[in-house]
Amino acid sequence: MGIIRILDEHVANLIAAGEVVERPASVVKELVENAIDAGADNVRVYIEEGGLKLIRVIDNGKGMSAEDVPLAFQRHATSKVWDSRDLFHIRTLGFRGEALPSIASVARVECVTSPDKSGLGTLIAIEGGAVKRIEDARTTRGTDISVRDLFYHTPARLKYMKTVQTEFGHISDYMYRLALAHPEIAFSLFHQEKQVFSTPGSGDLQQTIAAIYGTATARAMLAVHAENADFAISGWIGKPELTRANRYGMTTIINGRYVRSFPLQTAILQAYHTLLPIDRYPLVVVQLTMDPSLVDVNVHPAKLEVRFSKERELMTFVEQELRKLLHRTDLIPRLQAPQAKKSVIQEQLAFYDASRPLTFQAEPAQIDSSTDQASGWSSPAADGSKGGRIREQLGTGEATAEHGRSAARSVSHAEATPDRSDLSTASRIDATSSPSQPSASLSTSGKNSLNRSLRPSPAAKAPAQPNVGARREADLPSSVWQPYVEVAEPEEPAATSRLPELRVIGQLHGTYIVAESDSGLYLIDQHAAHERINYERFYRKFGQPVQASQELLVPITLEFTAAEAERLRDREALFAQVGVYLEPFGGNTFIIRSVPEWMPKGEERDLLLDMVDLVLQDKSLDIAKLREKSAILAACKASLKANDYLSREEIESLLRQLSECASPFTCPHGRPIIVSFSSYELEKMFKRVM
């Protein structure tokens, strides 16, 4: 006698429910998606005890006729698919016809529905998959479906449910996603008879974001709109200052369907590359529209995952469009002043003429042989500080000429300005270390790297503003989706900068540069700024290993374990592509005879060991990733540190080079470089605006 038999309908529905009805949130998802497919523009969801006691969904959609009501609770009964060809052009959220019978098999379900405004409809009641009654009922157009006592006769499933708060958290999270996917629908969510959230249903996605995440968050987001022959993207993405500790803030929507797509999230994170701190994620709502034939939604029981037929092209499109938006936006974090009910301007803030740079004058009695009389900055050569050593490097040739022109401009401005030494002396921030406070010492590597990177650029030869650099398109990591293509640097920088025109005020604690513009006050983290400059420079240099390699007078030897040595022998070519040439030197030892000439001096061995660790830890590491990570390591080691006191000329050179960066707002690790305080915010702090 055979042992294979066909399961009865009830058991089959229970098995299907195990796939479709994972938890109360699954029921809410299926019922609300049905309401959306029915054309509703108002959906209300009522929850009790996390959905285990009651889930009620009321909509004003098309509703069902008396003939369709009993069929809707049969397996594989659907109005959305007619033949196999429709599976490749799915435009609705549901299509399998499994949700309603699966839900009805594990709960007590009551559905009242009407297809018109006649006031008459149909009621059906089902318990555990068995129809108890079907009768006429008075109701309005739409559907009102209640699911009570979920898993009431499957205690094994009920035992694994989490707390009420956890289950309701899953429900509210998915309701948020559906509301973001359909801003044209007014959603309301109630728990224990209390309204949790509601959306206006105006069709404005930003208003929906404000209803869910708050008005301040919605205002800190950027609108994105772009399309090509295959795809269209729209939505809102957060500025880098708006981050979350996990990926839950990333909402990706495909043709009106919320999906969890790891490739899409990866493309979004690549667009934010070096703009976010480590282990922080952006807040984004991205809606993608494409022909249904380009996406397969029939690959997951809950339809939360999809497959794309042009995945690589889609990822590249998303990454490039988001990156373009971020790169043309001012990303400087700003202090938000509290909103005043009534503003009364007592007096305009007018410490000095904002159209002219602030002079650094000192009283005659304070001037001695170690003071730069033109600029008011202490002479670094007098106290032997690092600033003095660097100025000796800068004080020759064209650098001296530029410094002379800068000093002449300061002197001429001082002559044309009334004596305000009391103000300048009181407000000046000392930019050099005092004799009683020795400046921080640097290694030979740090000094050499600093001297090279802060040397005035060729652009200083032109009589332009000292702090305004022209933006140069840096050769940054393009994308994991495209092979790297070497781009030659332009002979002359472009005429635009992403930073405002800054005038240097001074330096705070040898760590922060204080500057101003016509719009307010700016603080710049000198280490983060120098790290960004070095990162973009080193990234370009790592792409030119042959041109920049130099022989070492004393080769570097590195020893490893047998397993590590074996893996390194297989990846010697990877190091050669970034200008590092490993040679076996017997046993498990390798020797390095040449390194890139721009590698931080004195840091070569540590940097090479870090690069080796990267290769050993990541088997999938390719040349693009190694190039990028090596540039980050080198930039961090070669950059200014806290308590490095700089001269005015060095600060101006640093700001000029920063303004030439392709992304001057964050360091390679995603930390902010510059923050600003608007004039209004300063007036608010000093109670000049009440």
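Trainee: How are helix 18 and helix 20 arranged relative to each other?
Mentor: This is a predicted model. In it, the axes of helix 18 (residues 562–570) and helix 20 (residues 604–617) come within 10 Å and cross at roughly 90 degrees. Angles from 65 to 115 degrees count as roughly perpendicular, so helix 18 and helix 20 are roughly perpendicular to each other.

Trainee: Which residues make the contact?
Mentor: From helix 18 they are Glu564, Arg567 and Leu568. Helix 20 puts in Val612, Val615, Leu616 and Gln617.

Trainee: And by class, what is in that contact?
Mentor: The contact of helix 18 with helix 20 has 4 nonpolar, 1 polar and 2 charged residues.

Trainee: Let me pick one of those. Is Val612 buried or exposed?
Mentor: Val612, in helix 20, is buried, with a relative accessible area of 2%.

Trainee: What does Val612 touch?
Mentor: Leaving out neighbours within four places in sequence, Val612 is in contact with Phe560, Leu568 and Phe575.

Trainee: How far is Val612 from Arg571?
Mentor: In sequence they are 41 residues apart, and in space the C-alpha atoms of Val612 and Arg571 are 10.0 Å apart.

Trainee: Let's zoom out. How many helices and strands are there?
Mentor: The protein has 23 helices and 24 strands. It has 690 residues, and buried residues make up 50% of them.

Trainee: What about the largest nonpolar core?
Mentor: The largest nonpolar core has 59 residues, and those touching the most other members are Leu31, Val32, Val43, Val45, Phe73, Val147 and Met175. Helix 6 (residues 164–181) gives the most to this core, with 8 residues.

Trainee: Which residues does Val32 touch?
Mentor: Not counting residues up to four places away in sequence, Val32 touches Val43, Val45, Val57, Met175, Leu178 and Phe187. Another core, of 57 residues, lies apart from the largest one, with Ile90, Val224, Val318 and Leu654 among its members.

Trainee: Why would nonpolar residues gather like that?
Mentor: In soluble globular proteins, nonpolar side chains tend to be buried together.

Trainee: New topic. Which residues of helix 9 are buried?
Mentor: Helix 9 (residues 262–271) has Leu264, Gln265, Ala267, Ile268, Gln270 and Ala271 buried.

Trainee: What covers them?
Mentor: The cover for the buried residues of helix 9 includes strand 12 (250–254), strand 14 (281–282), strand 15 (284–290), strand 17 (307–308) and helix 10 (311–327).

Trainee: Where is Leu276?
Mentor: Leu276 is in the loop between helix 9 and strand 14. At 10% relative accessibility, Leu276 counts as buried.

Trainee: What does Leu276 touch?
Mentor: Apart from residues up to four places away in sequence, Leu276 touches Pro240, Thr243, Tyr281, Pro282, His669 and Gly670.

Trainee: Last one, backbone angles. What is the phi of Glu49?
Mentor: Phi of Glu49 is near 55 degrees, a positive value in a residue other than glycine. Glu49 lies in the loop between strand 1 (42–48) and strand 2 (54–59), and is partly exposed, with a relative accessible area of 40%.

Trainee: And what about Asp149?
Mentor: Asp149 has a positive phi of about 55 degrees although it is not a glycine. Asp149 is in the loop between strand 6 (142–148) and helix 5 (155–159). At 31% relative accessibility, Asp149 counts as partly exposed.

Conventions:
Residues numbered from 1 in each chain as written. Predicted model: local features only at pLDDT ≥ 70, side-chain atom pairs only at ≥ 80, totals over all residues. Heavy atoms only, no water. Core = buried A, V, L, I, M, F, W, Y, C linked by side-chain atoms within 4.5 Å. Buried < 20%, exposed > 50% of the residue type's maximum accessible area, 1.4 Å probe, protein only. Helix = DSSP H or I, 4+ residues; strand = E, 2+ residues; numbered from the N terminus. Contact = heavy atoms within 4.5 Å. Axes fitted to C-alpha atoms, helices over the stretch in contact; angles between N-to-C directions. Parallel < 35°, antiparallel > 145°, perpendicular 65-115°, else oblique. Nonpolar A, V, L, I, M, F, W, Y, C, P; charged D, E, K, R; others polar.
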